[in-house]
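Keep the sequence and the 3D view at hand while reading.

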Amino acid sequence: MKKSFYRGGSLVAGALLAMGLVGATQAATELTVYTAVEAEDLKKYAARFNEDHPDIKINWVRDSTGIVTAKLLAEKENPRADVIWGLAATSLLLMKGEGMLEAYAPKGLNALDPKFRDKSNPPTWTGMDAWVAAICVNTVEAEKNKLPMPTSWKDLTKPVYKGHVAMPNPNSSGTGFLDVSSWLQLFGEEGGWAYMDALHQNIGHYTHSGSKPCKQAASGEVAIGVSFAFRGAKSKASGAPLEVIIPSEGIGWDMEATAIVKGTKNMAAAKTLVDWSITEKANKMYNEGYAVIGIQRLAKPVEHFPDNIPQAMIDNDFEWAANNRKRILAEWQKRYDSKSEPKS
Amino acid sequence: MAVTPSSLSAPVRPLKPKASADDHVMRLFILMIGLYLVIALALPLYAMFSKSVFDSEGAFVGLSNYLEYFRTPALVYSIQNSLFIGVITTVITVSVAFVLAYGFTRSRMPGKPIFKTITMIPILMPSLLPGIALIYLFGRQGVVKWMLFGHDVYGPIGIIISEVFFTLPHALIIIVTALSIADARLYEAATALRAGPVRIFFTVTLPGVRYGLISAAFVVFTLAVTDFGAPKVIGGSFNVLATDIYKQVIGQQNFQMGAVVSVVLLIPAALAFFVDRLVQKKQVALLSARAVALEPKPNKRFDMIMMVYAIIVSIFILGILGMCQFAALFKFFPYNLSFSLKNYQFDLMDGGGWDSYFNSIEMATYAAVFGTIIVFYGAYLVEKGKGLGVIRGAFQFLAMLPMAVPGLVLGLAYIFFFNAPSNPLNVLYHTMTILVISTIVHFYTVAHLTASTALKQMDAQFESVAASLKQPFYRTFLRVTVPVCTPAILDISIYLFVNAMTTVSAVVFLYSPHTTLASVAVLNMDDAGDIAPAAAMGMMIFYTAAGVKILHYLLSRGIEARTQAWRISSAN
């Protein structure tokens, strides 16, 4: 009798206890790695790394550049990431300014193109590859809507493209931010905002992710997507009727880069990963998707990539972009994010 | 979703004896489950309210966050937009549902069980899924794009169609219930007085269901205003309150502003909730013990019209469902329509891959098992326990509260409460446990009402007799109460399972890299532009929920035959 009482009564207690135990298993060396690398590449990156270092398990936290950046900043007091592998250099510069990154000179640093490293010594971050802006145009839709092929950024402001252009919101997307910061550098502060005012008239919608405009262009959901070359080349390879355009004024670009988060409890493993991230093997891996990489002499041409990319890349001032990021984003939001009246 | 109290007999209060050992044990348990609700509901909500009056550095700023909010035109537009969506959706859904419910209860149209099943389908899908289907149906490459006459589906049109789809079953359940309790004697009287069918409709039928209609309208309005899936997928640049919370918190990590928008969103939801409770009470008073059930008479023309109408609604629902499945199977819509399974390679996409799907099943199972135990035992203690009147009252209030709290608000409240460095419970943050806890709380009210209704139907004499035979309460509970209430217990667990599979709103703030969920994966894949895989994952959720529902149907038939035979004999 007494026994059965305890069984009945402990049902709830047991249940609560069991709930507390769920999901509390952890292995020996696991690294929490924050990244904005395209989702389809993450498995490959981890697998290649594990070929050389099977003892370190990577737990990815992936999101758009803006979101990963915001998340890291929000967790500043209580960081949950060990390593950042594959985030915009402008974002890392911002974190460097906040004192959130551990300075470390990875093995083989000298082989790296000097552009592809933080200028401090030892550097707080090292570059992987450059990702460059590009315009994705759906040729079928362009023909259907009688849209001429754009060749420059300025072309996109022509009335004929009204409603046919999608671009990423720079507040959440790193690609969106490199577009905006490159326009401000190309056309000057005033000219840049005037350009965006005109472009805004033609934008059908702003997306949250930098690859979405190109994916939407690939599926014909929009005719023209302001995105980045890697995405365009990938979509083209999978059979989309897509043209990847490098605008004549020059293109904004940013580096994907790697850094150790200050305060990590797994410093040894973190260093191993950062060492590996600039090896020749890693660079060849980046080269499978990106034309411009940290050790440029290893670079081979990438299929479906326009070949004039290195020449078109503007002389990007990352320090300026990082220092002005907050102001630029606030101004952008004030001007364009309120496009939300009920449509009549 | 509302549950109609079906306690026709007044509860019989036993005499008040001295508190026994049993009573003490029961009081301990009610305090324990009450504590669960306080920790998992009241404290997080409190944390959220307080967050809205502090700045990001943690200094008290009074209402200045609110002032900033109302000074930002983009954010204030969202209030208008949300109200607009809410009102239009309510009008359309309630009208559509009323005619359908009328057909189900007042006609003898053929195929009723089939139509009833089809119209319940939307409950088994995440609210993101109709939005995705609409892109394929009415988007720039939409297969039936011409139906919109050149209007853009991205924006209010898309949101409203999605919300109508998503809220229809909820309205239908309420209105069908309201229409089924009609008293045939009223209709006989009206006919005898030579009132025509139109007159009868306006003087007997409509007044009879007015509370049901009001209740349905408020439920639909709340669902449409607080839903986040549809506006996220198909809203384009049409911002609403729910997407604002998401943008502020996830996009900009601006937690204070997220808290402010949450409080704003809480107002219409809470208002709708209180009106609904008020109306529910009046509805009960309409019932009379001597009512005679209304049996619809055959009328060929009317039955045909009703059936055609039901077919049209079914085509709408099945069209959306079918489009999602086809979209998931096309190789590269719209340029390559050969079939392939490449969209099921979730591991190559955002959202956590196939792990998310299995995590969701795990989470839903835990929520169903532990949720049912907690909810049913809690309801039992409230209904059958003795003493501690104040605490039982407070418990009842806490059990009803989740209905008024939108999922996004609950999820955000959890971040504030459980991620605070000073909270010893912050070990739960980023675990499966917190997802289970939040899901149980999120869907607590309907589950609790189902349990209470079933328990109220049981005669209080059982407990008195058991006590006089010196049987401990747990024996009565396990030997009598649980078997008698098995159908309700099954209903609760299925309800929790299905909702845990489909919900996005609360968990979108709480999942971690180890505990990604299928519904959130749908959201994230759509966000990255991979809408075909998003549709594929959404359909996986649907098939799972539908499978469980079918299993439940078969199971409950078996169990009812074994445990519910007494109902038939007592009815005779």
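**From one residue to the chain contact**

Met304(B) is found in helix α12 of chain B, which covers residues 300-329. The model is a predicted one. Around Met304(B) there are 13 other C-beta atoms within 10 Å. A residue counts as buried with 20 or more such atoms and as exposed with 12 or fewer, so Met304(B) is classed as partly exposed. Met304(B) can also be placed relative to Gly103(B): the two are 201 residues apart along the chain, and their C-alpha atoms are separated by 9.9 Å.

The next step is the division of chain B into domains. The domain assignment gives domain 1 as 21-53 + 341-564 and domain 2 as 75-305. The C-alpha centres of domain 1 and domain 2 of chain B lie 24 Å apart. Where these domains touch, domain 1 of chain B contributes 29 residues and domain 2 of chain B contributes 29 residues. On the side of domain 1, the elements giving two or more residues are α1 (21-51), α15 (407-418), α20, α21 (518-527) and α22 (531-563) of chain B. The largest share of that side, 9 residues, comes from α22(B). By class, the side of domain 1 that touches domain 2 has 21 nonpolar, 5 polar and 3 charged residues.

Helix α20 of chain B, residues 486-502, also packs with another helix. Its axis and that of helix α17 of chain B, residues 444-456, come within 9 Å and cross at roughly 175 degrees. Because of this crossing angle, α17(B) is roughly antiparallel to α20(B). From α17(B), the contact is made by Val446(B), Ala447(B), Thr450(B), Ala451(B) and Ala454(B). From α20(B), Ala488(B), Asp491(B), Ile492(B), Tyr495(B) and Leu496(B) take part. This contact of α17(B) with α20(B) has 8 nonpolar, 1 polar and 1 charged residues.

What remains is the contact between the chains. How many residues does each chain give to it? Chain A gives 50 residues and chain B gives 53 residues. On the side of chain A that touches chain B, two or more residues come from each of α1 (2-21), α2 (39-52), β2 (57-62), α3 (65-74), β7 (203-207) and α7 (212-218) of chain A. Helix α1(A) supplies the largest share of that side, with 8 residues. The residues of chain A on this side divide into 19 nonpolar, 20 polar and 11 charged.

Definitions and conventions
Residues numbered from 1 in each chain as written. Chains lettered and ligands numbered in written order. Predicted model: local features only at pLDDT ≥ 70, side-chain atom pairs only at ≥ 80, totals over all residues. Axes fitted to C-alpha atoms, helices over the stretch in contact; angles between N-to-C directions. Helix = DSSP H or I, 4+ residues; strand = E, 2+ residues; numbered from the N terminus. Parallel < 35°, antiparallel > 145°, perpendicular 65-115°, else oblique. Contact = placed C-beta atoms within 7 Å. Nonpolar A, V, L, I, M, F, W, Y, C, P; charged D, E, K, R; others polar. Domains from an automatic or database assignment.
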